[in-house]
Number of protein chains: 2
Amino acid sequence: MIFENVLLVNPTEKEFVCDIEIENGTIINIKKKDASWKYILFPGFVDTHTHGYMGIDCMSASSKDFENWASLLEKEGVTYLFPTTVSASKTSIEKVLEEFNKAKHPSLSGIHLEGPFVNKEKAGAQNKEFITSFSQEKLPKNLDNVKIITAAPEIEGFEKLYSISSSKKIKISIGHSDAKFSDYSFWYRKGINRITHLPNALRPLHHREVGAVGAAVLLGFYVELIVDGIHLSPEFVKFVYKTIGPSRIILITDSISATGLGDGKYDLYGLEVYVKNNVARLSNGNLAGSTLTFSNAVKNFAKITGCSLHELSLVTSYNALKNLGNEIKIQPGERTKFVLVDQDLNIIKTII
Amino acid sequence: MIFENVLLVNPTEKEFVCDIEIENGTIINIKKKDASWKYILFPGFVDTHTHGYMGIDCMSASSKDFENWASLLEKEGVTYLFPTTVSASKTSIEKVLEEFNKAKHPSLSGIHLEGPFVNKEKAGAQNKEFITSFSQEKLPKNLDNVKIITAAPEIEGFEKLYSISSSKKIKISIGHSDAKFSDYSFWYRKGINRITHLPNALRPLHHREVGAVGAAVLLGFYVELIVDGIHLSPEFVKFVYKTIGPSRIILITDSISATGLGDGKYDLYGLEVYVKNNVARLSNGNLAGSTLTFSNAVKNFAKITGCSLHELSLVTSYNALKNLGNEIKIQPGERTKFVLVDQDLNIIKTII
């Protein structure tokens, strides 16, 4: 298929107008032009942290559900999907992995395990009953498709977890953690460079202990951000954009199965979640994931920060893949996924 | 007097080696050279926030004490001194102003009133008994030499205080305040651009209300910093250096009369202060000013941030004067104060 006169946003250079020919997911030809444009072609969006969508819940999804989930997300522009578990029993997590491993859809890119090896004191909406220290026998089997594990470095056994994860090329992301700056600094030097939904469920910035935010600003961490207008104020998003910068921000939805279904009472692996005006909370008032869609995350971030299209391609796609060791290259011969949007960032077409 | 082969740190350009001739405080000649240098010539240091030194307390100082204070600080490189009151009765503050107005020393540059128009909930080591809302009759008389008033925008009558201060060319600095980002934003647009000892006794950064730190990072505020290794961790200082930057940092000592006298029990306008290992605290554990000397503040900042000499001249001198409406110009014909230091930033000579 050929897109004529589109503004191609290439994360590794400035955007330009071109005709681009794509055949079965492979770029055949890119012809730069001096022409006006109507639509924008972004690299496909990446959601590395999402628990569910439209009634599908990662914890109970069948392989068919995973496939449906990936298909449904095409209208959100998501072309790389990392369904995310919550703190749960080993058996439950193994069942999720088993179903995921059977599912087939080009967007299904791996599993993110959020917990259970996190800090109970920073549980947020993770079920404390299943939060635990780490030892080898607690690790689920069959981790081939696990790409990210959110864990807290202060828990017992973390060093072992990190060593096993590294050997399996699974990325550790620090999350649901009370880690101090010195912990971040120590583990950053060891190779950890990702923080889960900064600064939710993390140690706040204090002037005598700068915590997660200080570590993210001063060191080279990539940070997940939930830009739903609820988890973070617009000023905090601007603050991160200014101090950490668009090269280290990874937009995520952290969406739960209630996303797209409207207000009501839902279940989050044994915890009751009440969604009211699109805000998901536990009965104790804690935020319980979001009902954010990826396309809204993109619009929110663009509106709040006033960032360039190039920067938007970093936070929606390039950074997430780079953080996982894959660099997008937009050039003939490369297999690349795209999303076509209009000038208001509405999704027109997703090309997988 | 002539200084030969000194490295002159000029805040408005890059440093260079020169011979400089100064006569009665006026620069006669600057001859740039290509030569090696041993000493560094900085613009004289400015302390805009200090309550006392070596047993002299701003609240009880006679005019002679103010003069001695200024003389004593020559060995600290301080050439512009702004003795700072604490929250006190109107009569007490008027007495301070009366004594200050009689004192004569070229370093005595004005008074900083810290309180009493601040927020009781953010008293820190201010005596709550004297903290009060503002009304015109509470304003001390004879404010001619008052250059800065630290006040909290959320107190009753603040708008009136700001209007009176502006008409008298007195700078308002937001301090001991629970102001939110929206308050900072509102008053920044009205013309306030200074924050007192960030972020001590101010609203912390939270991801849904970014408070004083967020305002300082996102807006154009100048910020006072106490770099004594106690009020702020080194990481916080690095954080401010990176996110707010050397063009908006004003080093202060916030020193109390115990400074230079060693450990013991002291009085801070009716509050007992215990100094132990150079840390000054009230009996409730609150930090009660510092025992920091300016020369140590300079060394600490340089060591923590690794900043350039040029940047050091900004945070020690240029910014503080610019914030008060005076720009240092280092050129023949200009009256300029200097401090000569060695390569380890030890004070060799102060030229007033």
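Salt bridges across the interface of chain A and chain B: the rule finds zero. The rule asks for a side-chain nitrogen of Lys or Arg within 4 Å of a carboxyl oxygen of Asp or Glu. Before I go on, the ground rules. This is a predicted model, where local features need pLDDT of at least 70, side-chain atom pairs count only at pLDDT 80 or more, and totals for chains, interfaces and linings use all residues. Residues are numbered from 1 along each chain as its sequence is written, chains are lettered from A and ligands numbered from 1 in the order in which they are written, and side-chain values use heavy atoms, with hydrogens and water left out.

Back to the interface. What is the count of residue pairs in polar contact between chain A and chain B? Eight, with both residues at pLDDT 80 or more. A polar contact is a pair of N or O atoms within 3.5 Å; within protein, one must be able to donate a hydrogen and the other to accept it, and residues adjacent in sequence count only if both atoms are side-chain atoms.

Which elements of chain A give two or more residues to the side that touches chain B? Helix 5 (211–218) and helix 6 (234–243). Helix 6 of chain A has the largest share, six residues. Helices here are DSSP runs of H or I, at least four residues, and strands are runs of E, at least two, numbered from the N terminus.

By class, that side of chain A holds twelve nonpolar, seven polar and six charged residues. The classes: Ala, Val, Leu, Ile, Met, Phe, Trp, Tyr, Cys and Pro are nonpolar; Asp, Glu, Lys and Arg are charged; the others, Gly among them, are polar.

Next, area. The size of an interface is often given as the accessible area lost when the parts come together. Chain A and chain B bury about 2000 Å² between them, and 71% of it is on carbon and sulfur atoms. That is accessible area (1.4 Å probe) lost on being put together, summed over both parts. The contact takes 25 residues from chain A and 25 residues from chain B. Contact means heavy atoms within 4.5 Å.

Now symmetry. A rotation of 180 degrees, with 0.0 Å of shift along its axis, superposes chain A on chain B at an RMSD of 0.0 Å. That is the relation of a two-fold axis. In chain A, the C-alpha nearest the axis belongs to A:Thr243, 2.9 Å from it.

One residue to look at: A:His231. It is in the loop between strand 13 (222–226) and helix 6 of chain A. Is A:His231 buried or exposed? Buried, at 3% relative accessibility. The cut-offs are under 20% relative accessible area for buried, over 50% for exposed, and partly exposed in between (1.4 Å probe, protein chains only). Leaving aside neighbours within four places in sequence, the contacts of A:His231 include A:Asn200, A:Leu287, B:His207 and B:Arg208. Its side chain also makes a polar contact with the side chain of A:Asp228, at 2.8 Å.

Salt bridges again, now over all chains: the structure holds 14. Take three of them.

A:Lys33 pairs with A:Asp19, closest N and O atoms 3.2 Å apart. A:Lys33 is in the loop between strand 3 (26–32) and strand 4 (40–43), A:Asp19 is in strand 2 (residues 16–23), and they are 14 residues apart. A:Lys33 is partly exposed at 32%. A:Asp19 is buried at 14%.

A:Arg203 pairs with A:Asp178 at 3.1 Å between the closest N and O atoms. These two are 25 residues apart, and the pair links distant parts of the chain. A:Arg203 is buried at 19%; A:Asp178 is partly exposed at 26%.

In chain B, the side chains of B:Arg194 and B:Glu224 meet at 2.8 Å, N to O. B:Arg194 is in strand 12 (residues 194–195), B:Glu224 in strand 13 (residues 222–226), 30 residues apart. Both are buried.

Last, B:Ser313. It is found in helix 8 (residues 309–323) of chain B. B:Ser313 is buried, at 0% relative accessibility. Beyond four places in sequence, its contacts include B:Val9, B:Pro11 and B:Phe42.

Technical notes:
Copies are superposed by least squares on the C-alpha atoms of residues with pLDDT of at least 70 in both. Buried area is the accessible area (1.4 Å probe) that two parts lose on being put together, summed over both.
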